[in-house]
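Hi,

Here is the structure I promised to pass on.

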Amino acid sequence: FQLGLLSDEYQSYRAELLSSDRAVVLTREGLKSESAGGNRIINLTLPATLLKRDDYRVRLSGRRAESSYEDLSSYVFRVVE
């Protein structure tokens, strides 16, 4: 997944994959932004074996200097097969 950033003001990012019942399926920390077509993005790779038929949400947070995280955005998708 390529998660678009509106701004890039954090030293690193965290992405959490949540299932439809809001259970955390996977967490990736220490993600860094990259440039793609003039935009800033976070590249997130998810193991296909984790994805069952369900609705999912990826919650993206930015890490502040004092080690706290600030929620930035979320992205939803559905696995049908």
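Below is what I found, going from the whole chain down to single residues.

First, please keep in mind that this is a predicted model.

On overall dimensions, the C-alpha trace spans about 35 × 30 × 20 Å along its principal axes. The radius of gyration is 13 Å, which agrees with the value near 12 Å that a compact globule of 81 residues would have. Buried residues account for 31% of the 81. The accessible surface comes to about 5300 Å², and carbon and sulfur atoms make up 45% of that. As for charge, there are 12 positive and 12 negative side chains, and the centres of the two sets lie 2 Å apart. If you take the contacts between residues at least 6 apart in sequence, 50% of them join residues at least 24 apart.

Now for the part I'd look at on screen: strand 2. Is this strand enclosed or open to the outside? It is largely enclosed by the rest of the structure, because 7 of the 7 residues of strand 2 are buried. Both of its faces are covered. On one side you have Ser12, Arg14, Glu16 and Leu18, and on the other Tyr13, Ala15 and Leu17, all of them buried. Note that this list takes in Arg14 and Glu16 as well as Leu17 and Leu18.

Which strands pair with strand 2? One partner is strand 3 (residues 24-31), which runs antiparallel to strand 2 (residues 12-18) and is joined to it by 5 bridges. Within that pairing, Glu16 has Thr27 as its bridge partner, while Leu17 stands opposite Leu26. The hairpin of these two strands has 5 residues between them, and Arg22 takes a positive phi near 70° there.

Another partner of strand 2 is strand 6, again in the antiparallel sense, this time over 7 bridges. Here Tyr13 stands opposite Gly62.

Strand 6 (residues 54-63) also pairs with strand 7 (residues 69-79), antiparallel and over 10 bridges. To find your way along this pair, look for Asp55, which stands opposite Arg78 in strand 7. The hairpin that strand 6 forms with strand 7 has 5 residues between the strands, and Ser67 takes a positive phi near 75° in it.

Is Arg53 buried or exposed? At 67% relative accessibility, Arg53 counts as exposed, because the cut-off for that is over 50%. Setting aside its neighbours within four places in sequence, Arg53 is in contact with Val79 and Val80. Leu72, on the other hand, is 19 residues from Arg53 along the chain, and the C-alpha atoms of the two are separated by 26 Å.

If you want a quick way in, start with strand 2 and its buried residues, then follow the bridges to strand 6 and on to strand 7.

Cheers

Note on methods. Residues numbered from 1 in each chain as written. Predicted model: local features only at pLDDT ≥ 70, side-chain atom pairs only at ≥ 80, totals over all residues. Heavy atoms only, no water. Rg over C-alpha atoms; globule rule 2.2 N^0.38 Å. Buried < 20%, exposed > 50% of the residue type's maximum accessible area, 1.4 Å probe, protein only. Contact = heavy atoms within 4.5 Å. Areas by Shrake-Rupley, 256 points an atom, 1.4 Å probe, with all protein chains shown as cover. Lys, Arg positive; Asp, Glu negative; His and termini not counted. Charge placed at Lys NZ, Arg CZ, Asp CG, Glu CD. Pairing = 2+ DSSP bridges. Helix = DSSP H or I, 4+ residues; strand = E, 2+ residues; numbered from the N terminus.
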